Amino acid sequence: MCGRVIVEDYVGPTLTQLSQVPWIVRADYARQLLEMAQDFSDAEFRLYLTDVSLDNFAVSHHGEVKVIDAENIVLVDPSIHGLDPAEHVNDGFGCRDCLSFSYEDLCGHTSSDHNFFAVCKGMLSSSAFSQDLPEGLLHSPPSWVTKEHPLLLSLVEDCASHSFSDFTSHSLPMRRKAAAALHEHLLTVLPKRGNSS
């Protein structure tokens, strides 16, 4: 099974409206976006975001990032016989500054790194293709962050990398690993979250 679904919701201000809040708050939004990419990519039915911009995500009054305009989501049932078991790697599909993809590629594989590419290149990278914030959601980190976590920003760029700009057989399959390492770095930067919701 492979198909499309449209879902919209209003929960609070968009990430565009919150793009200049303190860096530590934006870092928590980035953490949540990476967790969302992971959850959608590993769900029983894979969900691939195809319309990624800061205006399509909002923050509830509890500080939770949510998808509010999921105009097009690709849904893939990975249990379908005949799908390619190798992870599909989004190589930008010939577009350096936009989110491009192939329905055939997404629907023809049991998994894809597409959501990580969409989040990292689309919203977090210093060369984000989101017109809402082209310098990326993690712009202007405080000096203590870059001093204590010198790899953090390079992990964002590793997660966002394009195959035609830096392709080696080693680089792009590492996107999930870069996203996981970025997530771990963000967890160490962020204040400990309490047990209350």
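## Crossing of α3 and α7

In this predicted model, α3 passes α7 in a left-handed crossing (the near helix is turned anticlockwise from the far one by less than a right angle; clockwise would be right-handed). On the α3 side the contact is made by Phe116, Phe117 and Leu124, and on the α7 side by Arg175, Arg176, Ala179 and Leu182; contact means heavy atoms within 4.5 Å. By class, this contact has five nonpolar, no polar and two charged residues (Ala, Val, Leu, Ile, Met, Phe, Trp, Tyr, Cys and Pro count as nonpolar, Asp, Glu, Lys and Arg as charged, and the others, Gly among them, as polar).

The axes of α3 and α7 come within 10 Å and cross at roughly 60°. That angle makes α3 oblique to α7 (under 35 degrees is roughly parallel, over 145 roughly antiparallel, 65 to 115 roughly perpendicular, and the rest oblique). Axes are lines fitted to C-alpha atoms, for helices over the stretch in contact, with angles from 0 to 180 degrees between N-to-C directions.

## Crossing of α3 and α5

The axes of α3 and α5 cross at roughly 125° and come within 8 Å. The two helices α3 and α5 are therefore oblique to each other, and α3 passes α5 in a left-handed crossing.

From α3, Phe116, Phe117, Cys120, Lys121 and Leu124 meet Val156, Cys159 and Ala160 of α5. The contact of α3 with α5 has seven nonpolar, no polar and one charged residues by class.

## The buried face of α5

Helix α5 spans residues 152-160, and its buried residues are Leu152, Leu155, Val156, Cys159 and Ala160. Seen down the axis of α5, these buried residues fall within an arc of 135°, so they line one face of the helix; the arc is that of the directions from the helix axis to the C-beta atoms. Among the elements that cover the buried residues of α5 are α1 (23-42), α3 (114-124) and α7 (175-189). Helices are DSSP runs (H or I, at least four residues), numbered from the N terminus.

## His139 in the loop

His139 lies in the loop between α3 and α4 (143-148). At 11% relative accessibility, His139 counts as buried (under 20% relative accessible area; exposed is over 50%, partly exposed in between, with a 1.4 Å probe and protein chains only). Apart from neighbours within four places in sequence, His139 is in contact with Ser19, Gln20, Trp23, Arg26 and Leu133.

## Basis of the values

Residues are numbered from 1 along each chain as its sequence is written, and side-chain values use heavy atoms, with hydrogens and water left out. Local features need pLDDT of at least 70 and side-chain atom pairs count only at pLDDT 80 or more, while totals for chains, interfaces and linings use all residues.
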